[in-house]
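Below is a predicted model.

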Amino acid sequence: MASVDIRKVRKAFGVHEVIHGIDVDIGDEEFVVLVGPSGCGKSTLLRMIAGLEQISGGEISIGGRVVNQVPPKERDIAMVFQNYALYPHMNVFDNMAFSMKLRRADPAEIKKRVEGAADILDLGPYLGRYPRQLSGGQRQRVAMGRAIVRDPQVFLFDEPLSNLDAKLRVQMRTEIKALHQRLRTTSVYVTHDQIEAMTMADRIVVMHDGHVEQIGTPLELYDRPANLFVAGFIGSPAMNLFRGLLRRRDGKAFVVTDDNLALEAESDVGGEEGQKVVYGIRPGHLRLASDAEQGLPAEVEVIEPTGDNTLVFCKVGGTIACAATTERHPLRPGERLRLVPKPGAGHVFDAAGGQRL
Amino acid sequence: MYVDTKAHGTSSKALAAHRFRFGESRGFLGLLFMLPAATVLLLFLAYPLGLGVWLGMTDARVGRGGTYIGLENYEMLWTDSVFWLSVFNTLLYTVVASVFKFALGLWLALLLNHHLPFKAFLRAIVLLPWIVPTALSAIAFWWIYDPQFSVVSWALVRLGLIDKYINFLGDPAWARASVIMANIWRGIPFVAITLLAGLQTIPPSLYEAAVIDGATPWQRFRFVTFPMLTPIIAVVMTFSVLFTFTDFQLIYVLTRGGPLNATHLMATLSFQRAIPGGNLGEGAAIAVSMIPFLLAAILFSYFGLQRRRWQQGGGD
């Protein structure tokens, strides 16, 4: 097992630079998720770690060894692909054994390792089957088994769950996490799904347009997003954002929205009086209250019960805000009510640069 | 009275239902839609084939309908050394040309599958030998192989490799090699482009997985490309073998079967005996003798083509 250090890494396709100097330190035994919208460069970064893409600038080292010029097979990594990339003409056993056969390993040792991996993944009964004869989840497990058999220093996962249906995806992500807890192999996992990132990662790297927006544990990102992009990307449903101006009065800070509503911010918030800001608050931190109480006046537009909680989308001034409640209010569209922000739960960002204040 | 009405009502309803079902029946509609194609096939394929088989058992000549003589034509051919020479020539021609077409075509396909500048243009150029009418390209080869004006001989003499011009189409061994060369040149594009199409269906991630698994370029070809290409290889080579075995135009323009029948294929011999020679029955018998060979090739491909176990989809 090994750490992975990414130093000022750049990637350009011709003149078009897609990754603009990224620094990430991935510790030994850590499970790090690279997350971001399509085209943010996360897969490219992973492929550079794997050695499938040339590194245009900077350095990547695995276990302290710079691997920029090391071919993939000597990097001691294993990769799980989005489409699994199982060899269709080989059965499960041969798929898993392929890398060891190429290395001319002892057949008894191959058998032992493949069966060991099959055991971990409950693939024992399927060793003689061809990939076509397996379900999506089983193929996914074979792809992981192929990685496990190699006993690599680092596992690389490239959106491994996006071809699965929603239920299986939830099940498989738990399995992958449990597997990591058992094998403790350093893992780098790419996904565009922030829920996957939140649930699986030790640490998350949020990427956007070839830059790292923030690195942190899931709850750090959720509780203290470093900028507007992370605030909007992490958390589902997304954080409510209100534009306004920062005002201070009596030692308290407020954001006065464009609709002239005052939202209390934490008193130690940075920024200058009158600065253009964005106030963010998570749907779960907005309480539904009767029209008589203090709070943001709102008009119910859409109600989405999910079972656990109910999402209430309301019109607040010129913006739509979402409140999540576990209580079951008998609400109807058009109803007027108040939304009460939880004290201390607001986030304030600079409107121009998007940085947290 | 009451009963009558009821019976009448039922029968007319049943009739309507019957008519409805007739129009809806998959079997009937299927037959109906197959009819045009079946007519064309029967008229232009089955009938000439049947006629050929029948002619092979007659002593028909040009301008005179024959009478049935059983297998006499075949008995004659059995002892005809020219016929057996043409069988040997055809097999040699087919085997050598197919082997080269496959090897070179696969090689070309692998090259074209790389990222090359002007990729589409190069691929289009590769197809040229195949789209030029055979008679035309054969005339070009005729010039290339000309005993006096051959550009190949000229180049080799200039390079100092040979002293005198090679008699490409006049010497039996050279003639065989020359027509085989021309056939290979003409057949490579078909193999190359079809195999290229096959190569492009192999997902790139399989190669990436193989690279990470530690496969060398040769091992990637041997364990990924080749096995995944086998189904399409079977199809392509079946067609290639059939085309080569029944080749006629190229030989007829280049050598007419000479010198000393060294390049006579079964198809050219059949034509020569039947039309210029006037022995329709004998020509037909030679043509019919090709059928067992062709059937063998088709059966071979039928078993080669059978979906391999790994291609079979399976339920979960």
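Q: Which residue does A:Glu17 meet in a salt bridge?
A: In this predicted model, the side chain of A:Glu17 has a salt-bridge partner at 3.0 Å, taken from N to O. A:Glu17 itself is partly exposed, at 29% relative accessibility.

Q: How many residues apart in sequence are the parts that the pair A:Glu53 and A:Lys11 ties together?
A: A:Glu53 and A:Lys11 form a salt bridge, with their closest N and O atoms 3.8 Å apart. A:Glu53 lies in the loop between α1 (42-50) and β4 (57-62) of chain A, while A:Lys11 lies in strand β1 (residues 4-13) of chain A, so the parts tied together are 42 residues apart.

Q: Are A:Glu53 and A:Lys11 buried or exposed?
A: Buried means under 20% relative accessible area. Both A:Glu53 and A:Lys11 fall in that class: they are buried.

Q: Which helix holds both A:Lys112 and A:Glu109?
A: The side chains of A:Lys112 and A:Glu109 meet in a salt bridge at 4.0 Å, N to O. A:Lys112 is exposed at 58% relative accessible area, whereas A:Glu109 is partly exposed at 28%. The two are 3 residues apart, about one turn of the helix, and both lie in chain A's helix α3.

Q: Which residues do salt bridges with shared partners join into one network?
A: Two of the members, A:Lys11 and A:Glu53, form a salt bridge with each other. The network consists of A:Lys11, A:Arg47, A:Glu53 and B:Glu208.

Q: How many salt bridges are there over all chains?
A: A pair counts when a side-chain nitrogen of Lys or Arg is within 4 Å of a carboxyl oxygen of Asp or Glu. By this rule, the count over all chains is 19.

Note on methods:
Residues numbered from 1 in each chain as written. Chains lettered and ligands numbered in written order. Predicted model: local features only at pLDDT ≥ 70, side-chain atom pairs only at ≥ 80, totals over all residues. Heavy atoms only, no water. Buried < 20%, exposed > 50% of the residue type's maximum accessible area, 1.4 Å probe, protein only. Helix = DSSP H or I, 4+ residues; strand = E, 2+ residues; numbered from the N terminus.
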